[in-house]
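This briefing concerns nonpolar packing and aromatic pairs. Please consult the sequence and the structure shown below while reading.

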Amino acid sequence: MTQFFELAPNGIICIDIENKQFLSVNHKFEQISGYTRSEIESSHIEVLFPNGFIDNIISKFKHNTSVPYIKSQILTKTKTKKTLILSGSLIKQNNKHFLW
C-alpha cells in the first residue's frame with residue numbers, strides 16, 4: 001500500500017483535524033508545495049492553508065463526510081499561491097477525526 005501512496009499521480013495528505021496537523025503526505029504533494037515531507041509533517045496546517053481557509057474545508061467535511069471537490073489555494077514554500085482542487089473523506093478512528 002505504501003507504494004500506491006507514494007507513486008500516486010495526485011498529491012495526498014492526511015490531516016488530524018482536531019490538532020490541525022499534517023500526519024502524512026506523499027511525494028507528489030511535496031512537489032506541489034515545495035516543502036519536504038518532514039517540513040510539512042512538523043508544521044501546523046495553516047502554514048500551507050493560510051487565513052483560516054482550512055476551517056472552511058473542515059466544516060464542509062464535518063457536514064458531509066465525503067466531498068467531491070473543493071477549490072482551494074495553498075501557499076508554497078516560495079510563498080506562491082497555488083490553486084488546488086481538493087477531494088477526500090472524513091475518517092473517524094479511536095474518537096479522532098482525520099481528513100484523507
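The points below treat the nonpolar core and then the aromatic pairs.

The model is predicted: local features need pLDDT of at least 70, side-chain atom pairs count only at pLDDT 80 or more, and totals for chains, interfaces and linings use all residues. Residues are numbered from 1 along each chain as its sequence is written, and side-chain values use heavy atoms, with hydrogens and water left out.

**Nonpolar core**
- A nonpolar core is a set of buried Ala, Val, Leu, Ile, Met, Phe, Trp, Tyr and Cys residues joined through side-chain atoms within 4.5 Å; buried means under 20% relative accessible area, exposed over 50% and partly exposed in between (1.4 Å probe, protein chains only).
- The largest such core has 23 residues, of which F22, F49, I57 and L99 touch the most other members.
- At least two core residues come from each of β1 (13-16), β2 (21-25), α2 (27-33), α4 (53-63), β3 (66-75) and β4 (81-93); helices (H or I, at least four residues) and strands (E, at least two) are DSSP runs, numbered from the N terminus.
- Helix α4 gives the most to this core, with four residues.

**Aromatic pairs**
- The structure holds two aromatic pairs; rings of Phe, Tyr and Trp (its six-membered ring) pair if their centres lie within 6.5 Å, and planes under 30 degrees apart count as stacked, over 60 as edge-to-face and the rest as tilted.
- F5 and W100 form an edge-to-face pair, at 6.0 Å centre to centre with 85° between the planes.
- F5 lies in helix α1 (residues 2-7) and W100 in the segment after β5 (96-99), 95 residues apart.
- F5 counts as buried because its relative accessibility is 16%, whereas W100, at 41%, counts as partly exposed.
- F22 and F29 form a tilted pair, at 6.4 Å centre to centre with 40° between the planes, and both residues are buried.
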